[in-house]
Every structure is written in C-alpha cells, then in structure tokens.
Amino acid sequence: MLVRADWVVPVAAPPVRDGAVALRGNLICAVGPFDRLAEEYPAEPVTHHPGCVLMPGLVNAHTHLALTALHEVVPSAPFPEWLALVVRAMRALGPDDLAASTVLGAHRAMASGTTVVGEIAYGPESPAIAADTGLGGAFFWEVLGLAPEELPDRLAELEYPADPARIQGRRQRYGLSPHAPYTSGPDLLREVRRRTRAEGTGLALHVAESPAETELLRAGTGPLAEVAARSAHGFAAPGTTPVRYLSDLGVLDGALAVHCAELLPVDIPVLASRAAAVVLCPRSNAYLHVGPAPVKRLAASGVTLALGTDSLASNADLDLFAEARALTRVAPSLSAERLIRMMTAEGARALGLESSFGTLEPGRQADLAVYRVDGGEDPYAALLERAGRSTVEAVMAAGLWRVLGGQATFPSRFAETAARHAALRATLAIQ
Ligand SMILES: [Zn+2]
C-alpha cells in the first residue's frame with residue numbers, strides 16, 4: 001500500500017512535499033516523493049490524504065492509561081494534596097475498573113495520533129489491552145512501598161513476566177518503575193536497577209516532581225515526610241537533590257527520568273550524562289502547581305528529551321500536540337522541528353524502541369499519524385500550530401488503520417467503555 005499526503009514528515013530526513021510512504025504488512029518499505037514511489041510500486045493501491053500532513057505515529061512517553069477513570073475526579077491542587085486524593089481514588093478501582101479505564105485511555109491516545117506509550121503498568125492488563133488496540137510501547141510495572149526482599153513476590157502477584165527479555169518484541173518492551181524516591185527506599189531502588197539491568201529491561205522513575213520532594217531529600221521535612229516514613233524503607237534524607245541522590249545510588253544510569261520539574265542547574269549535566277532520557281509533562285506539572293522544568297537548559301544539555309501527558313488524573317486529555325503547545329508557552333525558543341522530534345524520534349529512543357518507532361524509514365513499524373493541516377511552506381510549524389485530536393484524519397498502527405476519515409475504527413467498544421467510565425466516575429467523585 002502507498003499512503004500519500006501533501007507533506008510527509010519522516011523526522012529522520014527533511015519533509016517531502018507531495019510525499020508517500022510504501023508499506024508491506026506492518027512495516028515501512030520506502031519513503032519519498034509520491035511520483036517516484038508510484039513508479040517503483042506500480043501495482044500498489046494508493047490511499048490519498050489531500051490537504052494533510054503525514055508523520056510517524058506519536059510517542060507519548062509517560063502515561064498511566066489505567067487512571068483514565070480519574071479524569072475530572074481529582075482537582076488541581078499542590079502535589080502532596082493531589083497525591084493523597086489519587087491514592088484514595090485508586091483504592092476504589094478494582095482490576096476490572098482498571099482494565100476498562102485502560103481501554104478508554106488507549107482509545108483516547110490513539111484517537112489523537114499516539115501509537116506508542118511509555119506506560120506505568122499495574123499488572124499485565126495494560127500491555128495486553130495496548131496490543132489489542134494497536135498501541136506499542138514500554139510498560140513499566142510499578143512497585144513501591146516494599147522492602148527489597150519483597151520484590152519477587154510482589155512482581156509475581158502483579159504477573160510481571162518471568163522472562164521479559166525473551167517475550168518483549170518489536171512493538172513492546174517491559175520494565176519496572178519504583179515510582180519515586182519518597183515511595184521506594186534506597187535498597188529497593190538499587191534492587192530494581194540491578195534486576196532491570198540483568199533482565200535487559202527498562203526503568204522509569206518520577207524524579208524531582210515537586211518542591212515537597214526536594215525539601216524531603218534536602219532536609220527530611222515537609223508534606224512528603226510522612227509518605228516516605230511509611231513507604232520508602234530505609235530512607236534517610238541525603239541532604240542533596242533528587243537527581244544527585246539517584247545518581248549516587250547508581251539508579252539514574254539508563255533510567256527514564258519523568259518530570260524533572262524542580263531542578264538545580266547542577267542537576268542538568270548529571271541527567272545528561274546518566275539518564276536515558278527526561279520526559280517532560282508540562283500540563284501535569286501546571287495542574288499540580290509545580291515547575292516549570294528548565295526546558296531551555298535541558299534542551300541544550302544533550303539529554304534525550306521526550307514528551308508525556310501523564311495520566312488524566314492530572315491532565316485534560318491525552319493529546320500530545322496539546323502538550324507540545326503547552327511546552328512552547330514554557331519554552332518559546334524551542335523550535336517546532338525539535339518539538340516534533342521530541343514527540344517521535346526522541347520519544348522512541350527514550351523508551352528504547354528507536355529501531356521500531358519514531359521515524360518513517362524502511363524497516364520501521366507501519367505507524368502513521370495523518371493530520372488535516374495545511375503544511376504551507378513549513379510543515380513542522382503547521383503541525384505544531386494546528387495538529388491534534390480535532391484535526392486527526394487517520395492513524396495507522398502496526399499496518400492497520402485505527403482511525404480513518406477522522407473516525408475511529410473501534411466505535412462500538414469505545415461507546416461501551418465510555419459508558420462504563422461515566423458510571424465509574426460517578427462512583428469516584430470526590431467532594
Ligand atoms: Zn506519572
């Protein structure tokens with residue numbers, strides 16, 4: 001199949017006017033001007049999207065799809081207050097609720113052009129549901145509040161794959177997330193790092209998300225001190241920053257550092273030399289009255305930068321372009337091209353999935369997002385200005401159209417799940 005659009009943005013190469021992508025099964029086999037590809041593949045059917053810009057499926061590098069049911073349940077509040085409300089609301093969600101919530105989140109993400117997620121998983125449901133929906137990604141099982149010797153039993157309980165390296169494939173990777181320095185003690189953090197390294201899997205952490213976290217690490221005081229005393233076994237305030245603490249523990253090496261909203265200038269070279277990537281979540285930070293992250297300095301540091309919406313417990317939607325526009329308000333000097341890279345190639349690299357996703361190149365997965373956007377002379381700027389949920393024309397994941405003509409190809413299940421979500425929200429409403 002050839003997919004043709006007014007502009008094709010391969011990310012790995014300059015945009016192509018009147019371009020096309022040639023697909024075989026679930027893989028890309030060529031990218032270039034439509035005329036050339038039509039000659040090379042004369043027998044292939046053509047799906048034409050006039051008036052559109054075509055780009056790789058987006059990488060939303062930090063999500064909690066299972067928390068979609070908490071949308072508009074937990075109000076915007078300072079981080080420690082918000083966290084207490086989320087923990088309370090999550091207790092009301094049974095496994096079936098989490099699964100229904102994940103389905104809805106996966107559909108919402110896909111409906112705005114995302115085909116890859118960096119997902120915090122609470123069990124085997126999220127990668128299974130993601131695979132069903134067509135979403136690829138890295139799935140980090142969350143473990144917190146444990147002594148290190150409790151980790152194997154807890155992972156068995158959460159049905160973490162026994163041999164993740166053997167079953168992770170071209171579209172999905174696995175890993176662990178020990179949540180944050182105030183909910184996992186130093187020994188658990190080190191044990192998780194040791195295990196993920198031995199397994200060849202990923203590690204994601206919420207890092208420097210709030211001033212309360214900084215205060216806890218510097219002085220052992222503040223609103224997170226009680227949480228840490230309850231959850232982070234063996235924690236003692238190191239008298240330094242979260243980034244420095246994790247780096248000294250050896251936990252930051254190769255890790256996905258999510259948020260980094262509250263950094264000191266000295267933290268930035270540490271992140272650049274140690275972390276696999278930093279995931280920025282500007283709208284979630286604003287919802288929790290934290291940050292903004294020092295985006296300009298991070299962007300100049302050489303660290304891989306990705307973008308995430310975080311969960312709908314702290315955001316309005318899962319639209320990554322809306323997130324990118326929020327980031328430009330915090331860091332107006334970031335170019336549109338860099339932002340598009342953060343949402344695609346850098347996001348894929350952050351998740352360790354750059355050989356499958358993030359660019360349109362032969363051998364990559366057939367994951368495409370097509371927006372009804374007039375690319376003009378600068379398709380990067382046009383996308384950044386106008387692409388998003390309301391301008392989605394088509395979304396392909398793993399070689400199948402998941403959205404076509406602006407319509408999701410999964411309407412019946414979506415409606416059923418949306419009804420269930422509405423009922424769930426009613427029961428969760430926090431007064
Ligand atoms: Zn998060």
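1. Helix axes here are lines fitted to C-alpha atoms over the stretch in contact, and angles run from 0 to 180 degrees between N-to-C directions. Helices (H or I, at least four residues) and strands (E, at least two) are DSSP runs, numbered from the N terminus.

2. The model is predicted: local features need pLDDT of at least 70, side-chain atom pairs count only at pLDDT 80 or more, and totals for chains, interfaces and linings use all residues. Residues are numbered from 1 along each chain as its sequence is written, and side-chain values use heavy atoms, with hydrogens and water left out.

3. Start with the metal. The zinc ion is coordinated by NE2 of His-62, His-64 and His-206 and by OD of Asp-310, at 2.1 to 2.8 Å. Donors are N, O and S atoms within 2.8 Å of the metal (3.2 Å for Na, K and Ca); water is not among the atoms, so sites may look incomplete.

4. The donor residues follow the spacing H-x1-H-x141-H-x103-D. His-206 lies in strand β9 (residues 202–207), and Asp-310 in the loop between β12 (305–307) and α14 (320–330). This pair is 104 residues apart and links distant parts of the chain.

5. The four donor atoms subtend angles of 83 to 167 degrees at the zinc ion, which makes the arrangement irregular. Four donors count as tetrahedral if all angles lie between 85 and 135 degrees; four count as square planar and six as octahedral if opposite donors are over 155 degrees apart and all others between 65 and 115; anything else is irregular.

6. Now the helices. α10 (residues 242–249) packs against α11 (residues 267–274) at about 40 degrees, with the axes 9 Å apart. That makes α10 oblique to α11. Angles under 35 degrees count as roughly parallel, over 145 as roughly antiparallel, 65 to 115 as roughly perpendicular and the rest as oblique. In contact (heavy atoms within 4.5 Å) are Val-243, Arg-244 and Ser-247 of α10 with Asp-267, Val-270, Leu-271 and Arg-274 of α11.

7. α10 also meets α7 (residues 186–199). Their axes come within 10 Å and cross at roughly 60 degrees. α7 is therefore oblique to α10. Pro-186, Leu-189 and Arg-190 of α7 contact Tyr-245, Leu-246 and Leu-249 of α10.

8. The axes of α3 (residues 95–111) and α4 (residues 125–133) come within 9 Å and cross at roughly 40 degrees. The two are therefore oblique to each other. The contact involves Ala-99, Thr-102, Val-103, Ala-106, His-107 and Met-110 of α3, and Glu-125, Ser-126, Ile-129 and Thr-133 of α4.
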